[in-house]
Amino acid sequence: MENTLTAEQLEAIRRLDTCLVSNAIDTFNVRLRNEGFADASIRCMFPHFPPLLGYAVTARISCSGPPPAGHSYFDRTDWWSYIATIPAPRVTVIQDIDEIPGVGGFVGEVHANVLRALNCAGTVTNGGVRDLPAVEQMGYQLFAGNVSVSHAYVHMIDFGGPVEVGGLTVRPGDLILGDCHGVLAIPRQIAAEIPAVAARMVEKERRVIGLCRSPEFSLQKLRTIIKELG
């Protein structure tokens with residue numbers, strides 16, 4: 001897979017929050033500024049967890065009615081084989097295609113343990129999740145449209161293709177970052193440059209914040225420093 005990052009490069013990105021990374025991405029002009037992130041319908045279940053970062057493993061599911069064959073997602077063990085084709089660390093990105101998504105929870109305690117054993121660090125879905133206390137205790141991050149008490153008729157439609165969650169289109173292998181603010185995709189071609197750009201942005205922000213907190217603050221000084229920093 002092209003543009004796969006080293007462990008050190010991934011860790012440098014993981015230290016950053018999504019807001020700063022989003023700002024850094026904007027400086028490259030590789031996409032529109034209202035694209036590349038999930039909307040507020042996708043909620044972080046464990047906002048106190050460190051940022052989630054990994055390559056996307058994609059799938060589509062349905063929960064509202066019985067599958068045409070088989071009984072549950074555990075009938076699709078080929079899904080597990082597919083996960084191994086994406087470099088670790090991995091993030092499962094799962095689209096619930098039902099007209100009203102989230103009737104059932106695809107990922108709960110058992111499936112979270114299976115996914116973690118397959119080097120997945122978390123799941124992003126527009127559907128439902130469940131067993132939150134147990135999943136939180138094991139340190140597995142969840143982003144979801146809602147919490148569901150049941151798995152209903154959850155079953156897998158397909159996997160390995162483009163999916164859409166919260167208005168964000170995700171393709172297999174996309175680099176996904178998520179934290180308490182939400183979820184975004186980092187363009188692979190610029191990912192290695194993000195930490196350095198972010199560091200420069202933080203330094204500029206600190207100068208502005210420092211002035212705002214200083215007893216020497218004035219509007220004229222604020223205008224001057226903003227002009228200097230561009």
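Colleague: In strand 8, which residue is the bridge partner of Gly128?

Modeller: Asn146 of strand 8 is the bridge partner of Gly128. Gly128 belongs to strand 6 (residues 128-129), which 2 bridges join to strand 8. Strands are DSSP runs of E with at least two residues, helices are runs of H or I with at least four, and both are numbered from the N terminus. This is a predicted model: local features need pLDDT of at least 70 and side-chain atom pairs 80 or more, while totals for chains, interfaces and linings use all residues. Residues are numbered from 1 along each chain as its sequence is written, and side-chain values use heavy atoms, without hydrogens and water.

Colleague: In what order do the 3 strands form the open sheet?

Modeller: Strands of a sheet pair through backbone hydrogen bonds, parallel or antiparallel. Here the order is 4-6-8, and the pairing is parallel. Two strands pair if DSSP finds at least two bridges between them. Strand 4 (105-107) and strand 8 (146-147) are the edges, each pairing on one side only.

Colleague: Now the helices. At what angle do helix 2 and helix 6 cross?

Modeller: Helix 2 (residues 18-26) and helix 6 (residues 194-212) cross at roughly 105°, and their axes come within 9 Å. Axes are lines fitted to C-alpha atoms, for helices over the stretch in contact, with angles from 0 to 180 degrees between N-to-C directions. Helix 2 and helix 6 are therefore roughly perpendicular (65 to 115 degrees; under 35 is roughly parallel, over 145 roughly antiparallel, the rest oblique).

Colleague: Which residues of helix 2 and helix 6 make the contact?

Modeller: Helix 2 gives Leu20, Val21, Asn23, Ala24 and Ile25. Helix 6 gives Ile194, Val197, Ala198, Met201, Val202 and Glu205. Contact means heavy atoms within 4.5 Å. By class, this contact has 9 nonpolar residues, 1 polar and 1 charged. Ala, Val, Leu, Ile, Met, Phe, Trp, Tyr, Cys and Pro count as nonpolar, Asp, Glu, Lys and Arg as charged, and the others, Gly among them, as polar.

Colleague: How do helix 6 and helix 7 pack, at what angle?

Modeller: Helix 6 and helix 7 (residues 219-229) pack at about 175°, with axes 10 Å apart. They are therefore roughly antiparallel to each other. From helix 6 come Lys204, Arg207, Val208, Leu211 and Cys212. From helix 7 come Lys221, Leu222, Ile225, Ile226, Glu228 and Leu229. This contact divides into 7 nonpolar residues, no polar and 4 charged.

Colleague: Which residues line the largest cavity?

Modeller: A cavity is a set of points on a 1 Å grid over the protein atoms alone where a 1.4 Å probe fits but cannot get out; lining residues have an atom within 4 Å of a point. Ser22, Ile25, Asp26, Arg31, Leu32, Arg33, Glu35 and Phe37 line the largest cavity. They split into 3 nonpolar, 1 polar and 4 charged.

Colleague: Which residues lie nearest the centre of the largest pocket?

Modeller: A pocket is an open set with protein on both sides within 12 Å along at least five of seven lines. Here Arg31, Thr169, Arg171, Asp174 and Ala185 lie nearest the centre, out of 14 lining residues. Strand 11 (168-170) and strand 13 (182-186) each give two or more residues to the lining. The classes are 5 nonpolar, 4 polar and 5 charged.

Colleague: Where is the place of Pro89?

Modeller: Pro89 sits in the loop between helix 3 (78-83) and strand 3 (90-96). The peptide bond from Ala88 to Pro89 is cis, with omega near 0°. Asn29 lies in the loop between helix 2 and strand 1 (43-44). Asn29 has a positive phi of about 55°, although it is not a glycine.
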